[in-house]
Amino acid sequence: MKGWVVPVGVLLFAEISARLFGITSDSLASPSQILAAAWSFLSTGVLFARSAQTLLAAVSGLLIGGGLGLTLAVLLGLIPPLSRLLRFPIEALRPIPSIASLPIVLMIYGFGYRMEIAIIAFACFWPVLIIGQSAIVGIEPRLIEVSRVLGLNFFSRVTKIALPAALPRLFVAFRQAAAVSLVVAVTVEIVMNPQGLGYELMTAQNSLQPALMFAILIYIGLLGWSLNAVLLLAQKHLFAFAAVPRLNA
Amino acid sequence: MTRIERTAWSAASVGVGVLIVAIWQFVAWKQFVSPIFLPGPDKAWAALIEGFKSGSLTQQTFATVQRMSLGWILASLIGVSLGALIGSSRNARDYLGPMLEFVRPLPASAIIPVGIAFFGLTKSMVLGVIAFGTIWPMLLATIHGFASVDPRLLEVSRVLQLSRLQVIFKIMLPNAMPDILAAMRLALTIALILSVVGEIMAYQGGLGSHILEASRAYHSADLFAGVIVLGIIGLISNLALTALEAKLLRWRHP
């Protein structure tokens with residue numbers, strides 16, 4: 001209840017001051033104008049199409065980058081010599097900011113989905129690799145011994161022992177990567193790629209429609225917030241048994 | 001594992017890195033990938049040396065590091081002091097907490113159009129975006145660290161009749177320090193990303209503008225040189241903060 005006081009107060013203040021002083025601006029809009037812009041934008045259906053573009057790129061990049069990261073995480077987690085050998089190359093590549101790959105990928109793919117997905121995949125690869133590897137390494141050693149006693153081959157050791165045992169923490173990795181995927185998707189669209197919500201946000205600013213700009217900004221915020229909330233809820237219900245450490249809560 | 005074994009593994013790991021560069025050189029030399037997209041490590045290295053010799057790359061690197069550090073320091077100061085104010089008062093936490101949690105998942109770059117609307121494509125816009133985008137991890141970590149103080153410590157402070165300032169500096173801040181330092185490390189990574197994003201968009205010099213220009217002109221060697229420098233900046237800043245963290249938090253592991 002108390003959490004609503006300040007936001008509602010700010011909105012009221014903005015609305016009243018906008019009405020009182022009759023501000024017309026290229027950079028500000030009153031809450032009621034933002035609401036009206038959101039309403040008219042919703043009815044055109046553009047918002048739906050733009051959201052679909054952003055989400056498609058984010059999900060594809062997440063699946064590709066996360067899948068590759070998970071594969072490498074399992075290999076490195078189960079084969080310690082391999083992880084020792086690859087430590088230096090990984091530590092050398094990891095600090096490259098994902099957005100720095102944009103000009104390279106842009107040269108190769110030009111504008112469009114492929115470029116955006118490649119950058120998202122690059123960005124999602126690292127959190128899944130790092131958290132995933134520590135999740136696999138953290139598996140109860142007796143489980144690995146059991147799998148050896150049972151004479152399981154490498155593949156069934158991965159699918160029957162390692163992945164299920166590490167699942168709660170792997171989900172944390174997935175949640176982090178999902179947040180990263182949305183952030184990077186919107187960033188790439190704002191910076192370069194003429195599609196998706198980020199581009200729509202940029203267009204609204206360029207065409208001096210602050211009400212629409214704030215409406216889209218709030219919508220992107222809602223999207224990120226609900227994604228995070230849904231995944232947190234899923235984590236709580238699915239893995240209630242395995243008190244997952246709060247990494248970024 | 002003995003020290004000799006560990007050194008051997010590290011050496012082998014560096015060897016793998018060298019091997020990867022050798023494969024890269026081979027692929028570039030045989031032109032399996034068009035040299036327009038993929039320069040060999042020799043060309044990238046030459047561009048790197050040339051860039052630092054002529055001073056242009058040095059200047060861009062300096063501009064980016066300056067922007068990143070300035071935005072990060074600004075965000076640290078504001079984030080930690082605001083976080084201390086909010087975190088040390090139960091009322092402030094109740095009133096402001098939910099709103100902050102809502103803003104946190106917002107992509108920091110989404111604030112760029114708003115920044116442009118207010119400041120135009122200027123240096124202060126880029127700096128403002130960096131500061132605004134990096135402030136959240138530190139603000140929330142500080143609030144969390146201040147809020148999670150063991151109640152018994154607060155009781156002790158009451159018995160000792162410490163003033164509110166003394167409680168903040170002697171009990172709450174040390175308690176929040178591990179969270180704050182971890183958040184500062186994360187924030188520095190975000191600051192570097194936002195510097196590059198800002199430079200790409202606003203064309204205000206720096207490595208972001210440098211790599212974008214190189215890519216537009218298909219000067220892939222310059223482009224790779226710029227990306228390598230960015231990686232090194234990320235690596236060094238991360239190592240420095242990890243070392244600082246270990247030093248400042250030594251009291252936790254006697």
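This is a predicted model: local features need pLDDT of at least 70, side-chain atom pairs count only at pLDDT 80 or more; totals for chains, interfaces and linings use all residues.

1. Residues are numbered from 1 along each chain as its sequence is written, with chains lettered from A and ligands numbered from 1 in the order in which they are written.

2. Chain A has ten helices and zero strands, where helices (H or I, at least four residues) and strands (E, at least two) are DSSP runs, numbered from the N terminus. The C-alpha trace of chain A spans about 75 × 50 × 30 Å along its principal axes.

3. Buried residues account for 41% of the 249 residues in chain A; a residue is buried if 20 or more other C-beta atoms, placed from the backbone, lie within 10 Å of its own.

4. In the largest nonpolar core, which has 131 residues, A:Ile119, A:Ile120, A:Leu201 and B:Met138 touch the most other members. Such a core is a set of buried Ala, Val, Leu, Ile, Met, Phe, Trp, Tyr and Cys residues joined through C-beta atoms within 7 Å. Helix 8 (residues 154–191) of chain A gives the largest share of this core, 19 residues.

5. At the interface, 46 residues of chain B are in contact with 42 residues of chain A, contact being defined by C-beta atoms, placed from the backbone, that lie within 7 Å.

Technical notes. Two residues are in contact if their C-beta atoms, placed from the backbone, lie within 7 Å. A residue is buried if 20 or more other C-beta atoms lie within 10 Å of its own, exposed if 12 or fewer, and partly exposed in between; C-beta atoms are placed from the backbone.
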